[in-house]
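Thanks for making time. I have one structure to go through today, and I will keep to what can be computed from the coordinates.

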Amino acid sequence: MESTMTFYQELQLSSTGSKQLIKNTTDKKEKRRHILIYNFKVYLVMVFCVAVVTLYSKLTGSENSVVGVTVLLAVLVLRQADFGIKTTHGLLSIAGIFGILIAGPRLSNMLSPIPAFFVNVFCIMLLMILGCHNVIMYNHSTFVLGYLLLQGYDVSGHAYLLRVEGLLAVVVLVRIAEGLLAGMVICMAIFYKNQKNRPYRRTFLDLFREFDLSSARNRWYVKLTFIVSSAMLVMSLLGLPRAMWAGIACMSVCLPFTGDCMGRAEKRGLFNIVGSLVFVALYLILPESMYPYIGMIGGIGVGYSAGYAWQTAFNTFGALSIAAGLFGLQNAVILRIGANIFGSVYTVICNKGLDRLAQVVEQRKKVTA
């Protein structure tokens with residue numbers, strides 16, 4: 001494999017794939033080549049991500065940098081993932097997803113916790129239906145994450161208008177002239193280019209026609225939607241900030257197969273503690289002028305991490321970099337760890353409870369049949 005792979009093909013490998021390739025290579029010269037390409041890829045992705053987010057921040061305001069993150073994640077996913085339906089109909093899914101990202105987070109933040117819960121349920125369920133029919137692609141982790149990020153870093157007024165423009169297609173006519181296409185148009189173009197030759201059997205309407213609670217996939221949709229939305233509701237009712245952290249933890253732990261959730265929950269809780277402690281050490285050791293770069297260090301760490309555990313640890317850096325400035329270091333760390341442990345434990349408990357409820361319903365149906 002090592003002798004036939006081109007430089008470009010190696011750049012397309014995941015961290016796991018690159019590490020496996022390096023491990024399996026016996027020729028020292030080839031091994032050095034693979035290591036150099038792997039390191040180049042990590043920093044190339046990091047530079048690209050920083051450039052996109054910075055560009056979005058300059059064009060739509062620093063409070064909208066999260067839009068750059070959301071669009072960037074969508075672009076990276078849609079390069080390779082499909083929706084399990086006809087490619088041209090997949091463009092409708094992208095339009096629907098971005099419509100939800102534009103309206104849902106803003107609407108839920110305008111409401112009190114209980115009505116906001118129902119808005120979140122509606123929006124997250126639609127994101128699951130539109131984006132995750134092909135469960136193997138794991139698209140929901142990108143689109144639901146984007147929804148939660150946009151909700152957690154909410155804006156209003158003129159900043160919201162700029163956010164809508166940034167998500168939709170182009171920021172303003174002058175920026176079109178400059179060649180800056182953004183958000184939905186970029187995702188649609190990349191998705192169509194990469195997926196147009198993929199065979200299909202389903203259409204856009206089949207996403208809704210095939211919705212059936214007897215399906216394991218659709219029951220998972222319902223579980224994830226309820227668990228994420230209700231966890232955020234609990235955080236909101238308790239008056240705790242950063243409810244999205246609990247929601248993201250729930251989304252990450254609520255896997256399609258219940259048996260996999262416990263191991264994921266343990267890693268989520270433990271490595272959030274590890275990441276938070278490492279962040280605290282860096283925060284205390286580094287001079288204040290270096291604080292803005294701690295998030296970037298975390299991004300590089302994620303790039304080198306092939307497994308979920310250390311990706312989780314390094315992901316805490318970016319979140320805590322912002323939160324420490326808002327709540328103070330101690331409060332930010334306590335909130336981060338608490339929200340993630342709560343979300344992880346809550347997901348495991350709800351998962352088992354909902355599975356048990358589904359079994360009882362099925363048994364009663366058989367009895368009455």
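Predicted model: local features only at pLDDT ≥ 70, side-chain atom pairs only at ≥ 80, totals over all residues.

The protein has 369 residues, and 45% of them are buried. The secondary structure consists of 17 helices and zero strands. If we take the contacts with a separation of 6 or more, 72% of them join residues 24 or more positions apart. The accessible surface is about 18300 Å², and carbon and sulfur atoms hold 67% of that.

Now the charged pairs. Side chains of opposite charge can pair when their charged atoms come close. There are five salt bridges in the structure, and I will show three of them.

One is between arginine 33 and glutamate 10, with 2.8 Å between the closest N and O atoms. Arginine 33 sits in helix 3, residues 28–60, and glutamate 10 in helix 1, residues 7–11, so this pair ties together parts that are 23 residues apart in sequence. Glutamate 10 counts as buried because its relative accessibility is 4%. Arginine 33, at 28%, counts as partly exposed. Both belong to a network of salt bridges that links Glu10, Glu30 and Arg33.

Another pair is glutamate 210 with arginine 202, where the closest N and O atoms are 2.9 Å apart. Here glutamate 210 is partly exposed at 29% relative accessibility, and arginine 202 is partly exposed at 27%.

The next pair is aspartate 206 and arginine 209, with the closest N and O atoms 3.1 Å apart. Both residues are in helix 11, residues 206–209, and they are three residues apart, about one turn of the helix. An α-helix has 3.6 residues a turn, so residues three or four places apart point the same way. Aspartate 206 is buried, with a relative accessible area of 14%, whereas arginine 209 is exposed at 58%.

Next, the interior. How many of the residues of helix 13 are buried? The count is 11 of 11, for a helix that runs over residues 243–253. Among them are Trp245, Cys250 and Met251. These buried residues pack against helix 7, helix 12, helix 14, helix 16 and helix 17.

Helix 7 also contains leucine 150, which is buried with a relative accessible area of 0%.

On to the second largest pocket, which has a volume of about 550 Å³. Its lining has 21 residues, with Leu213, Arg219, Lys223, Leu354 and Ala358 nearest the centre. Helix 17 gives the largest share of that lining, eight residues, and helix 12 supplies at least two.

Ile273, Leu277, Ile341, Val345 and Ile349 make a nonpolar patch of about 430 Å². The largest share, three residues, comes from helix 17, and helix 14 supplies at least two. Valine 345, a helix 17 residue, is partly exposed with a relative accessible area of 46%.

That is the set I wanted to show.

Technical notes. Residues numbered from 1 in each chain as written. Heavy atoms only, no water. Patch = residues over 30% accessible without salt bridge, like charges linked within 9 Å, V, L, I, M, F, W, Y side chains within 5 Å. Areas by Shrake-Rupley, 256 points an atom, 1.4 Å probe, with all protein chains shown as cover. Salt bridge = Lys/Arg side-chain N within 4 Å of Asp/Glu carboxyl O. Helix = DSSP H or I, 4+ residues; strand = E, 2+ residues; numbered from the N terminus. Buried < 20%, exposed > 50% of the residue type's maximum accessible area, 1.4 Å probe, protein only. 1 Å grid on protein atoms, 1.4 Å probe; cavity = no way out; pocket = protein on both sides within 12 Å on 5 of 7 lines; lining within 4 Å. Points joined across faces, edges and corners; volume = space filled by probe spheres on them. Contact = heavy atoms within 4.5 Å.
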